[in-house]
Structure formats: structure tokens, C-alpha cells
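Have a look at the fold below before reading on. A few of its helices get a closer look here.

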Amino acid sequence: MRPEPPQAGENLRGAGLMTLSMVSFGCNDTVMKFVTQEMPLYQAIFLRGAVVLVMLLILAQRRGGIVLRIAEQDRLPMVLRVIGEVTSTALFLNALHNMAIGDLSAIMQSLPLVVMVAAAVVFGEKLGWRRSIAALVGLAGVLIILRPGGDSFGIWALVAIGSMLMIAMRDLATRSFSRQVTTTTISLYAACAVLVTGAVGMFFQGWITPRFDQLVLLLLSGAFLTVGYLSAVSAMRVGEISYVAPFRYTSLLVAIIAGLVVFGEWPDFWTWVGAGLVVSAGIYTILREAKLGWRR
């Protein structure tokens with residue numbers, strides 16, 4: 001039996017990390033949407049951010065200490081990534097608070113296509129016509145879910161699109177870091193920035209005394225987000241972006257299940273058709289990459 005080609009192995013590892021990240025983020029989104037039905041949004045962001053920061057500090061300490069100093073060539077990517085992280089978080093959670101989780105997730109599925117094209121332009125990665133077609137099929141699935149002209153294309157859909165663009169900038173900035181910058185360090189900067197954002201927003205939005213069950217849910221949300229942070233950063237540093245990015249589509253499945261189980265949102269026929277196209281495009285991409293990997 002021949003050993004797996006190095007590039008194919010890296011791509012598959014990146015795909016696994018991206019899938020873990022999307023499932024973790026999806027669970028976090030579900031908890032946050034549930035909690036913010038009664039708690040001010042920025043208070044929830046702040047409390048969850050505190051949980052994430054503590055978890056990351058513990059992890060950093062266990063891995064040899066907290067490292068915040070970064071080399072000069074990594075400072076611009078860090079600034080761009082922090083801007084993308086803060087802006088995308090604020091836009092996304094505001095949209096999540098005002099939209100059905102399935103509709104929001106459907107809009108966000110256009111992200112892999114944006115990241116693929118941007119990676120080809122910025123980093124010169126080869127996209128290939130088959131990957132391009134697969135991404136377009138996935139995008140077509142998203143359009144079927146949304147059905148342009150329907151209720152999904154309101155102001156909050158535009159907010160969601162803004163969040164998606166900021167996530168794309170964040171992910172491309174992550175790719176620009178040198179190997180000397182650890183995943184934990186990148187995540188610590190992001191967590192601190194989001195925590196400060198929550199504190200500023202909370203100053204204007206107000207504070208309520210949280211119940212015990214809300215604190216437990218925010219603790220759980222923080223755990224999901226921590227796993228999501230670490231696996232997302234790692235995913236964007238392993239394999240080709242054009243291969244790893246389509247596995248963001250798994251978040252759509254999480255959103256559909258969460259919408260059904262937690263919020264009683266049953267997807268209609270066309271949502272299932274669109275989701276089928278999105279998932280099929282992702283499966284085709286990994287099968288195509290595996291086949292090419294064995295030829296190398």
C-alpha cells in the first residue's frame with residue numbers, strides 16, 4: 001500500500017480541522033442566539049469572551065507560556081486579522097439576533113467561493129476548473145435556499161454579507177503569518193479584541209444580572225468558540241486554501257439541525273434542494289483532491 005502523498009495528507013488534515021471548526025462555531029451560534037433572546041447581545045459577547053480568554057490563557061500556559069510579542073513582518077497580518085475578527089463577530093451576531101439561523105448560515109456559505117478566488121489572486125494558488133465548478137454549484141445551492149427577492153434579502157442579509165467579507169479578510173490574513181506565530185497567540189489576540197468590543201458595546205447597551213442557567217450556557221458557548229478559534233486558525237495554515245475552504249459548507253448542516261431542534265424552524269423543500277447541492281459540491285471536492293493526490 002502506497003503512503004499518502006504529503007500534500008493530499010495536509011489537505012485532508014486541513015479539511016478535518018475546518019469541519020471541526022464549523023461544527024464548533026455552529027453550536028456556539030445556537031447557544032448565543034438562544035441566550036440573547038433574554039440577555040443584551042454585547043453583554044453576552046463580553047461574558048463569553050471572558051470565558052474564551054481564560055481558556056486560551058490556560059492552554060497557552062500549558063504549552064510553554066503566553067507569547068504576545070510578534071515579529072515586525074507579522075504585525076500587519078495581525079492588525080488585519082483582528083479587524084476582520086472584531087467586525088465579523090459584531091456583524092454576524094447582530095444578524096444572528098435578527099434572522100433565522102438557517103437563513104444566516106445559507107448566506108455565509110458564499111464565503112468559500114470568495115476565499116478561493118481571493119487566494120488565487122493574492123497567493124497565486126491554482127484553482128482549477130473542476131474546483132471552480134464545484135464552488136459555483138455550491139453557490140447555486142445557496143441561491144436556491146435564499147431565492148433572491150424573498151424575505152431573506154433584507155437589511156440583515158446585507159449585514160451578514162458584510163460579516164462574510166470580513167471573515168474572508170481574516171482568513172487570508174491568517175494565511176500570511178510566519179510559522180513563528182503560534183495558533184494560540186493568534187487566538188489570544190482575537191479573543192482580547194472581541195472581549196474589548198463586548199465591553200464597549202455593553203457600556204451603551206446596558207447590563208442585566210445573569211441567571212445561573214445563562215452563565216452555564218455562556219460557559220458552554222465559550223468552550224465551543226475556543227475549539228472553533230483554534231481549529232479555524234490551524235485549518236487556514238494547513239493545505240491549500242482552495243481545498244480547505246469548501247468544508248465551511250458543513251456549517252449549513254449544523255444550522256439546519258439547530259434551527260429544527262432548538263428553534264422549531266423546519267426547512268422547506270427548496271432549502272433541502274439547495275443544501276443538497278452545497279454538500280454535494282463539498283464531497284466532490286474532497287474526492288477530486290484525493291484522486292489527484294494519489295497521482296502525484
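What follows covers a helix pair, one serine and a helix length.

This is a predicted model, where local features need pLDDT of at least 70, side-chain atom pairs count only at pLDDT 80 or more, and totals for chains, interfaces and linings use all residues. Residues are numbered from 1 along each chain as its sequence is written, and side-chain values use heavy atoms, with hydrogens and water left out.

Here are the helices in question (DSSP runs of H or I, at least four residues, numbered from the N terminus):

| Helix | Residues |
|---|---|
| α2 | 41-62 |
| α4 | 101-108 |
| α7 | 155-175 |
| α9 | 212-235 |

Let's start with the pair. Helices α4 and α7 pack at about 45°, their axes 9 Å apart. On the α4 side, Leu104, Ile107 and Met108 make the contact, and α7 brings Ala157, Ala160, Ile161, Ser163, Met164 and Ile167 (contact means heavy atoms within 4.5 Å). Sorted by type, that's eight nonpolar residues, one polar and no charged.

Neighbours within four places in sequence aside, Ser234 touches Leu17 and Thr183.

Now for α2. After α2 comes Gly64, with a positive phi near 115°.

How values were computed: Axes fitted to C-alpha atoms, helices over the stretch in contact; angles between N-to-C directions. Helix = DSSP H or I, 4+ residues; strand = E, 2+ residues; numbered from the N terminus. Nonpolar A, V, L, I, M, F, W, Y, C, P; charged D, E, K, R; others polar. Expected span 1.5 Å × (residues − 1).
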